[in-house]
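Good morning, and thank you for making time for this presentation. I would ask you to keep the sequence and the structure in view while I speak.

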Amino acid sequence: VTGPVAGGHCYLLRGVHLGGRLSGRGPVDYITLRNSWGTGWGHNSDAHILISDMEKLLKSDGDACVPVKS
């Protein structure tokens, strides 16, 4: 957070859960992400983020890519 910006980071959106339960919280709307840092990160490379938090990140100059098959 306090260091210089050195480029972005990418992860794969694996699922959207509406009204799901996270660690005793619920119902909440959240996204499941797969990180490229290996299975030692998160829960077997996966993490969860609230949809409201993802919206904040995207509004703060975040990027999103969507592959399209033509």
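Let me begin with a definition: a residue is called buried under 20% relative accessible area, exposed over 50%, and partly exposed in between, with a 1.4 Å probe and protein chains only. By that criterion L18 is exposed, because its relative accessible area is 66%.

Two remarks on the source. This is a predicted model, in which local features need pLDDT of at least 70 and side-chain atom pairs count only at pLDDT 80 or more, while totals for chains, interfaces and linings use all residues. Residues are numbered from 1 along each chain as its sequence is written, and side-chain values use heavy atoms, with hydrogens and water left out.

Now the overall picture. The protein chain contains 1 helix and 3 strands, and its elements follow the order β-β-β-α from the N terminus. Here helices (H or I, at least four residues) and strands (E, at least two) are DSSP runs, numbered from the N terminus. Of the 70 residues in the protein chain, 21% are buried. The chain exposes about 5,900 Å², and carbon and sulfur atoms supply 56% of that area; accessible areas come from the Shrake-Rupley method with a 1.4 Å probe, and for residues only the protein chains shown count as cover.

Let me return to L18, which belongs to strand β1, residues 11–22. Together with L13 and V16, L18 makes a nonpolar surface patch of about 310 Å². Like charges are joined within 9 Å, and nonpolar side chains (Val, Leu, Ile, Met, Phe, Trp, Tyr) within 5 Å.

Which residues does T32 touch? Not counting residues up to four places away in sequence, its contacts (heavy atoms within 4.5 Å) include L12, L13, D46 and H48. T32 is in strand β2 and is buried, at 8% relative accessible area.

Most residues other than glycine have a negative phi. N44, however, has a positive phi near 55 degrees. S45, in that loop between β2 and β3, also has a positive phi, of about 80 degrees. Is S45 buried or exposed? S45 is buried, because its relative accessible area is 6%.

Note on methods
Patches are made of residues with over 30% relative accessible area and no salt bridge: like charges are joined within 9 Å, nonpolar side chains (Val, Leu, Ile, Met, Phe, Trp, Tyr) within 5 Å. A salt bridge is a side-chain nitrogen of Lys or Arg within 4 Å of a carboxyl oxygen of Asp or Glu.
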